[in-house]
Every structure is written in C-alpha cells, then in structure tokens.
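Q: Could we go through this structure together, feature by feature? I would like to learn how to read it.

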Amino acid sequence: MENSLSVILGGWLSAGITIFLFSFLYKDNPLFKIAEHLYLGVGMGWWFIVLLYGTWIPKAYEPFMQGEYLLIIPVLLGISLVTQFIPRISWVSRYGFTFIMGYGAGLVLPLNLATDFMAQIGGTIKPFAAIASMSAGEFINYFLIAAGAVCVLTYFYFSVEHKGFIKKASNIGIYFLMIYFGASFGNTVMARFSLLYGRFDMLYDFSGARYAFATPVIILLTVCFFVYRHIADKKKAGITKTAKAE
Amino acid sequence: MKDRLRRFLNIDRRWLFLLLSVVMIWPIIHPSGIAGRTTQQSVKDFYDFIENLKENDFVILGVDYDPSIKPELQPQAVAALRHLFRRNVRVCILTFISGAPGLIEEIKQTVPQEAGKEYGKDYVVMAYNPNYMAAMTQMSIDFYKAYEKDAEGNTVKGMPVMKGINTYRDMAGVVEITGTGMLDAWVAYVGDKYNVPIIGGTTAISQLGYGPYLQNRQLLGLLGGMRGGSEYETLTGRKDKATSGIDALNLSHMLVIILILTSNIILLVLKEKN
C-alpha cells in the first residue's frame, strides 16, 4: 500500500512539474514559476547531499577520523577557495587555486596535446602513406579530410592578408565550416526532439490507472486554471475600463 | 488568396507547438515501426567491439549523464549493459556525474534481474566520484585507491567480480555513455595513454565532434543520440525505448521539413506577386 502510494505520488509530482513547465509555451504563469523555483531548489539540495555523502564524509571526514591526518592539507586547500567570498582574506584562496592550476595544467596539457593535436595531425597525414593501395573512394575520403583541415585552418590564419590563393583556400574553408554547422544544427534539433519525446513518453506512462491518471487530471486542472484566469483577467479589464469611463 | 497566405505565415506559434505535440504523441500511442535499419558504421563497430569480448572479460561502463538527457542516453546504457551481460562479461558501473546515481539505480533494478546476474559476482556499481581526472589516473596504478568502496558502502577488493583486476591492464575496455566531455577524458587520459580500447555513446549534439577520434581509431565505436541507440537496439535484437522514440522523431522531422518548405514556397509566391 505504502509502495503504491509513493509510486502514485511520484508520478503526480513528475507529471505535474513537467506539465507546469510546458505551460510556459502557452504563456508565462504562476504554475510555471512554481515548477521553475522547485527545480532550482531541489537541484541545489540534491547537489549538496551528493557532495556531502559522496565526497566529504567518505573521502575526508571518515579517513581523517581513522588517523589519516595528512588529509588536512587538501582539505585546507579546498576550504581556502571559499575565502573568495570574504574580500578581506580572499588572498588565501590563491593557494588553493595555485594547486588546482598546477595540477590541472600538468596533467591536461601534455595529454590533450598528444590526443587532440599530434594524433589528429598524424591521423590526417598517415593514410596517404598507403596511397598506392587505396581505392578511389578511400582516396576521395582522405583527400577531403586533409583538404578540409588545411582550408579551415587557413580561414583562421590571420597573420597574412587574405588575398589570392589564401583567400580562395579560406573561402573553401568557410564551406567546410558551414557543412559542419549545418550538420551540427540538424543533430541539435534531433537531440531536442528526443528530449521532448522522453517527456511525452513519461507523461503517457503516468496517464494510466497505476498512477491514478495523473497526466489527464493535471492537464485538465491546468486548462481549468487558464480558463479561470482568462475570465478573471477579462472581468478585471472590464472593471478598469468602466472606472476609467466614469 | 494573398491574405490567406500571409495569415498562414503569421500563424500563432502555439498552434505549431500543439501540432508538434500531436505528431509526437501519436507514435507513442500507435507505434508504426518505421525504424529498423543500421546504417552507421560507428554503431556497427560499437556492437562488434562488445560482440568480440571474451567470456569473463572485465569492462568499465561509465554512466555519466543526468536526468536532463536521460531520453537520449538511458536507452543506450540499458542496451549496452544487456549486450555486455549477454556476452557474460563482468561489468563495473561508475559515474563522475552527481545526477547519475539515481539513473544507475533505475538500470540496476531491471537489467541485471532480466539477465539473471548477481551483484558482486557479475557486476558492481561504484560510488559517485567527483574528481574524474584523479580517479582515471589512480586506476592506472591501483584501482582500489580510486574505488575502495562500492555505492552501497561494501569493500570492493575481494568481491568475486573484481578477481584479478588491479589496473587498466587487466581490463578489456571502457564503454562510456555520456552527455558531457567525459568521453574525451577517457580517450585522452586512459585510451591513448594506457592503450585501453574505448567505445562511447553520446548525445546527437556531441556526436559530430567525435568524428576525428573515430577516424583515428582512438575511439573504436560510437552511438549518437536516439538514432544511434535505435540502430544499436536493432543490432542487439532487443527493440526498446530508442526504437519507439525514432518513430516520433521521424514524424516530427517530417513536420518540420514540411513547414519549412511550405513557408518558403509561400514567401516565394508572395514575392512574385509583389
């Protein structure tokens, strides 16, 4: 019984907040505001609890209590970041940031240079080593990739004036960029529709008897709310008009 | 005629929202089954990678997304886990995203039971770890320094699922499902550095950015968005949420194309008349 009640309550809450947020598509309204503020509050609460029980207690408090006293160093460095909010001692935060910068740069720079820079240059050139055994399709494919990379780089190369051959190459680069942006935008539309589908699918699930018909009831109540507001607004406008006329 | 066309162009956009909603809800109520073909090589590669794993291999499954992109990525994660279990591979689920533990719990409640898998013996779920860089680096030296306890607070070392696992060298690969830059991190900090095979699943928006990694074989397979998920479900022979979602995507894309074409034709007609 308890389980089914919590399932129903969860369904009503989930469907309700989704419908309230969607109601903004009609127009801004108090239901949307309620859902928006709830979202922000719950998000912050969730974040705090996860960090407290997922990081602070198991990674700092418990080991420290078990005698790992050296942990005080990273903990203090971490806490030093919070001093940013107190202008008088905000300089303390530099110690924490220095550590983060040094550690981050040392780890990230060499690896990212190897993965995103050197490996990509190699990947663009290497296929041409086997040019004799390439099929026509493969050659066109690799040629397009190499030519596209060079032309796009030329477009972003501002140390020489873009005229003559450089201008032609950079113009071709623009076409490559446009194709990428077009494909990227198409994929973005697809991704957004996928998310919309996800919410509709969930609303459909919550419309059944298992969730006490949460979706249709909440939609009906929301529509009633909008009709009521519409009538009330009209009445209010009528009263103001009459008062002004008088 | 001219006025009618103009009125169509100035239609209240809320009617279009309503039309789009109807077009999207219709296939949820009446699935048409238009989807069904796998056309992307990266999806086939993703499938082949898991298909070629040996029994009892050990794989990390990264579930790094929060509820905001669940519709795109949860079907991928579910399908990948089902496939891994079907190959009798040991799975270690972990996350670096604070919003993911709830979604992992959802998966944990259904998929292992279906496959008859036992927690601690066939799979394990690690606790959320906020520092992915430290964890990825530590796992290369000693896995248990990064993950001493699982999500339920049990000691990980000694679990049957972890038998013989100490570093990346003992693992067959990483399957990373994410809507963040975590896949880039796995490729840069683990795949390239320690020669660990990486395959991934990502949102449709991020999919294009991984082209260079795929071309270079730094990434051995990729699922992109709901379409990638649906094609993968087709390959695994178990159609689920991604496949039913593709029906709705097909129809809504058709609606968008029709609206774009119609409004452009109307604009051309009006221009000619002027």
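Predicted model: local features only at pLDDT ≥ 70, side-chain atom pairs only at ≥ 80, totals over all residues.

Q: What span should helix 2 of chain A have, and how far apart are its end C-alpha atoms?
A: Count 1.5 Å a residue: the 36 residues of helix 2 (residues 30-65) of chain A should therefore span 52 Å, and the end C-alpha atoms are 48 Å apart, which agrees.

Q: Where in helix 2 of chain A does a kink lie?
A: Look at A:Ile57, where helix 2 of chain A has a kink of about 50°.

Q: How are two packed helices described?
A: We use the angle between their axes and the distance between the axes. In chain B, helix 6 (residues 132-139) and helix 8 (residues 182-194) pack at about 35°, with axes 10 Å apart.

Q: Is the crossing of helix 6 and helix 8 of chain B left-handed or right-handed?
A: That crossing is right-handed.

Q: Which residues meet there, in helix 6 and helix 8 of chain B?
A: From helix 6 of chain B come B:Tyr132, B:Met133, B:Met136 and B:Thr137, and they meet B:Met182, B:Ala185, B:Tyr189 and B:Val190 of helix 8 of chain B. Sorted by class, this contact has 7 nonpolar residues, 1 polar and no charged ones.

Q: How many helices and strands does chain B have?
A: Chain B has 12 helices and 6 strands. Its C-alpha trace spans about 80 × 35 × 30 Å along the principal axes, and 43% of its 274 residues are buried.

Technical notes. Residues numbered from 1 in each chain as written. Chains lettered and ligands numbered in written order. Axes fitted to C-alpha atoms, helices over the stretch in contact; angles between N-to-C directions. Helix = DSSP H or I, 4+ residues; strand = E, 2+ residues; numbered from the N terminus. Left-handed = near helix turned anticlockwise from the far one by under 90°. Contact = placed C-beta atoms within 7 Å. Nonpolar A, V, L, I, M, F, W, Y, C, P; charged D, E, K, R; others polar. Expected span 1.5 Å × (residues − 1). Bend = angle between axes of the 7 residues up to and from the residue. Buried ≥ 20, exposed ≤ 12 C-beta atoms within 10 Å, placed from the backbone.
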